[in-house]
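Follow along in the model below.

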Amino acid sequence: MAALGRLRQCHSTANAISNFHTSSRASAKEHHKMLVLGGGSGGITMSARMKRMMGAGNVAVIEPSEMHYYQPIWTLVGAGAKSIASSGRPTASVMPSGVKWVKSKVQEINPETNTVRTEDGTEISYEYLIVALGLQLHYEKIKGLPEGFDYPKIGSNYSVQTVDKTWRALQNFTEGNAVFSFPDTPVKCAGAPQKIMYLTDAYLRKTGKRAKANIIYNTSLPVLFGVKKYADSLWEIVKSRDIHVNLRQNLIEVRADKQEAVFENLDKPGETNVIEYEMLHVTPPMGPNLVIKGSPLADVAGWLDVNKDTLQHNTYPNVFGIGDCTSLPTSKTAAAVAAQSAILNRTISKVLKNEKPDRKYDGYTSCPLVTSYNTVILAEFDYNGQPLETFPINQAKERRSMYHMKADLMPHLYWHGLLRGLWGGPGPYRKLFHLGMK
């Protein structure tokens, strides 16, 4: 299948102030005061903020994709509650007006000479650099994928090419095992692998098929969710709905022709378990962006090495990062980008004035845990995994209001607020609450 052949490996402080290298300007074909790498959530958000800070003519964005997707809604696309078309808009429509859009892929970053080379060989120099390249999806690290997606009954909500396959597999389910995986790597939106599991349970109940279904969640993690307050609520849900959770199980092979999924037991090396499936949802292994990993900007694990308080690079003070590509020790979500964007904006404004950054990112992130077609548990927490909640209610409880915020309000705020640099900051949902109280 041609589309599956195009499954791409997705994009998504040093406190000292110094004089930055500018020697490459004369030899580079292009030069920009602020160069943004990546046109995803973080890249577009920061390009909008930088346009206001320094003028559109001083900002450029390198991004190859003609379409921009609001990926958090793919959970609902995979369950038939939203359409894939509703999740995407032309990149041209979200690129800030006047900002230069370089339609190419980043091939190489050289922070020593303040230059970036694109796939077509163009060299671009910069004074300041924001890296927002996201992370890579690695379906190929599971034996039998991505070619296994050519078969029915298997899907993944993590790719625009495979999210509709999840919905088809759910619709065509008759009886047997519905299996959901979580890989042994960092992932973006760590709640998504189990959100589709709860929606599958709800759909099968609604269509009268649940009695003949065995729902299995195999996660490589030693816990159901990383924050205990919300994990306790989720354990109650899986028990009440007869969902089987197996910890420390990692998907290593898919035999799509036989409808078999092979898992390894991470606590007992060499031990594997083969499960026959009627439906399989795959969360792929993920890793650092390969361009960053191969550059001096990376930490030992390959992530962009930024200060966790200021988002400024730990070695190159004219380089900054945001979102999934960074080494920030927090959950990789769009809500995290919203919180980070205001901190990074402040950091850059201070650096431009040759002053020390004075605001700190606390690791705020959020995961609206969809537990049915009309309920959500809104998890919000910080670097330490401590709840950092917006509303004066118990957010560990399933609520209809939180579902409508996830499904209806947040997409609107994303397109018309976040991407225009008009919404964000520490605890972005808190702003909504205070606005609603006025």
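Strand S1 and strand S2 (residues 59–62) run parallel and are joined by four bridges. Within this pair, Leu35 stands opposite Ala60 in S2. The chain reaches S2 from S1 by way of helix H2 (residues 41–54), and this β-α-β crossover is right-handed. The model discussed here is predicted.

S1 spans residues 30–37 and is mostly covered, with six of its eight residues buried. S1 also pairs with strand S8 (residues 123–131), in the parallel sense, over seven bridges. Here Glu30 has Ile124 of S8 as its bridge partner.

**Strand pairs**

| Strand pair | Sense | Bridges |
|---|---|---|
| S1 and S2 | parallel | four |
| S1 and S8 | parallel | seven |
| S12 and S13 | parallel | four |
| S14 and S15 | antiparallel | six |

Strands of a sheet pair through backbone hydrogen bonds, either parallel or antiparallel.

**The five-stranded sheet**

Five strands form an open sheet with parallel pairing, in the order S10-S17-S11-S12-S13. Which strands stand at the edges? They are S10 (154–155) and S13 (244–247); each has a single partner strand, so one side of each is left without a neighbour in the sheet. Tyr217 stands opposite Val245 in S13.

A helix covers part of this region. H6 (residues 192–206) lies across S11 (176–182), S12 and S17 (279–281). H6 runs at about 160° to S11.

**The three-stranded sheet**

Another open sheet is built from three strands, S14-S15-S16, with antiparallel pairing. S14 and S16 (272–276) stand at its edges, each with a single partner strand, so one side of each lacks a neighbour in the sheet. Neighbouring strands of this sheet are turned by 25° against each other on average, direction ignored.

S14 (residues 249–255) is an edge strand, yet five of its seven residues are buried, so S14 is largely enclosed by the rest of the structure. S14 and S15 form a hairpin with four residues between them. In the turn, Gln259 has a positive phi of about 55°. Gln249 has its bridge partner, Asn265, in S15.

**The nonpolar core**

How many residues does the largest nonpolar core hold? It holds 131 residues, and Leu37, Leu129, Ile130, Val131 and Phe225 touch the most other members. Helix H9 (residues 334–352) gives the largest share of this core, nine residues.

Phe225 deserves a look of its own. Leaving aside residues up to four places away in sequence, Phe225 touches Gly191, Gln194, Tyr230, Ala231, Leu234, Cys367, Leu369, Ala379 and Phe381.

**The cysteines**

The structure holds zero of them. The cut-off for a disulfide is a pair of cysteine sulfur atoms within 2.5 Å.

Is Cys325 buried or exposed? Cys325 has a relative accessible area of 1%, so Cys325 is buried.

Technical notes: Residues are numbered from 1 along each chain as its sequence is written. This is a predicted model: local features need pLDDT of at least 70, side-chain atom pairs count only at pLDDT 80 or more; totals for chains, interfaces and linings use all residues. Side-chain values use heavy atoms; hydrogens and water are left out. Buried means under 20% relative accessible area, exposed over 50%, partly exposed in between (1.4 Å probe, protein chains only). Helices (H or I, at least four residues) and strands (E, at least two) are DSSP runs, numbered from the N terminus. Two strands pair if DSSP finds at least two bridges between them. Axes are lines fitted to C-alpha atoms, for helices over the stretch in contact, and angles run from 0 to 180 degrees between N-to-C directions. A crossover is right-handed if, with the strands pointing away from the viewer, the path from the first strand over the helix to the second runs clockwise. A nonpolar core is a set of buried Ala, Val, Leu, Ile, Met, Phe, Trp, Tyr and Cys residues joined through side-chain atoms within 4.5 Å. Contact means heavy atoms within 4.5 Å.
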